[in-house]
Amino acid sequence: MSFLRSLADRDRVFDFLVPAASPVDVRHGPILYLEDVTVSFDGFKAINDLNLTIDDGELRCIIGPNGAGKTTMMDIITGKTRPDAGKVWFGSRHDLLTMNEPEIASLGIGRKFQKPTVFEALTVFENLELAMAADKRILPTLTARMTPSIRERIEEVLETIGLAELRLRPAGILSHGQKQWLEIGMLLMQRPRLLLVDEPVAGMTEQEMERTAELLTGLAGKQSVVVVEHDMGFVRSIARKVTVLHQGSVLAEGSMDQVSNDPKVVEVYLGADAEEEVA
């Protein structure tokens, strides 16, 4: 893995580097809890008294128009943005507002951005191996040895993401959808408790979207999964509970049928052709 030396940056923190076990305690409540969260940028309230709870093992879809606060919400959860007011808890013991990005990642919160970030010159297998390294410092990462348990975990994740037959293929020649699955696999290597997934099907083919739906619904119950997505057909295919954001707060929440028939949601987001769009 000497090639990694050319990629190494000792000050870089990768979002997929999360721990093998999380100390989060969910015995007395949800895995994620946001209460009265507000954040302003130059006088504009990107998040406005936001209240949101995510249960352990839940698959939640977050929808809303551009500017609704979806990305800012994820930035707050992962420590990238500090709110002006409010509370954000991971389980019952961890106040995320007192922690920085690496500390939050170490608890078992993984975030996948819209654009996949994989090491394109490395194989699929090597990408997963890199994500598994227990010690994230550069030298230990470069000299880490393959153990039977690591190999077993990689094989398990390869099957989960559907790339077992492509394990020796360089990541750079994968399709867009396959790169998305690989990055999800890199997150899964460390068994995170919470996955934040941003627009996973943007730019995908219909077949890739179907496979992504199978992957995300299959993860529910093993991890808590929060999916931010604009494609209403995809949301309907995976949604168990949907939260609609508007102007930085929750506009509606419930099943896809419930929110798509809510007059407020139709007015501010789905538009006049809502029935056709969500059918």
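**Helix packing, sheet and confidence in a predicted model**

In helix α6, H176, G177, Q178, W181, I184 and L188 meet E208, R211, T212, L215, L216 and L219 of helix α7, where contact means heavy atoms within 4.5 Å. The model is predicted, so local features need pLDDT of at least 70 and side-chain atom pairs count only at pLDDT 80 or more, while totals for chains, interfaces and linings use all residues. Residues are numbered from 1 along each chain as its sequence is written, and side-chain values use heavy atoms, with hydrogens and water left out. Helices (H or I, at least four residues) and strands (E, at least two) are DSSP runs, numbered from the N terminus.

**Helices α6 and α7**
- The contact of α6 with α7 has six nonpolar, four polar and two charged residues; Ala, Val, Leu, Ile, Met, Phe, Trp, Tyr, Cys and Pro count as nonpolar, Asp, Glu, Lys and Arg as charged, and the others, Gly among them, as polar.
- α6 (residues 176-188) and α7 (residues 206-219) pack with their axes 10 Å apart, at an angle of about 15°; axes are lines fitted to C-alpha atoms, for helices over the stretch in contact, and angles run from 0 to 180 degrees between N-to-C directions.
- α6 is therefore roughly parallel to α7 (angles under 35 degrees count as roughly parallel, over 145 as roughly antiparallel, 65 to 115 as roughly perpendicular and the rest as oblique).

**Helices α3 and α5**
- The axes of α3 (residues 124-132) and α5 (residues 148-161) come within 10 Å and cross at roughly 125°, so the two helices are oblique to each other.
- Residues making this contact include F125 and L128 of α3 and I154 and L158 of α5.
- By class, eight residues of the contact of α3 with α5 are nonpolar, none is polar and four are charged.

**The sheet**
- An open sheet holds four strands in the order β2-β1-β4-β5, with antiparallel pairing; two strands pair if DSSP finds at least two bridges between them.
- β2 (44-54) and β5 (94-95) are at the edges with a single partner strand each, so one side of each has no neighbour in the sheet.
- Helix α1 (residues 70-77) packs on the sheet and touches β1 (32-41), β2 and β4.

**Confidence**
- The protein chain has a mean pLDDT of 85, and 81% of its residues reach 70 or more; pLDDT is the predictor's confidence in each residue, from 0 to 100.
- Confidence is highest in strand β4 (residues 85-90), at 97, and lowest in helix α11 (residues 274-278), at a mean of 42.
- Where pLDDT is low, the predicted coordinates should not be read in detail.
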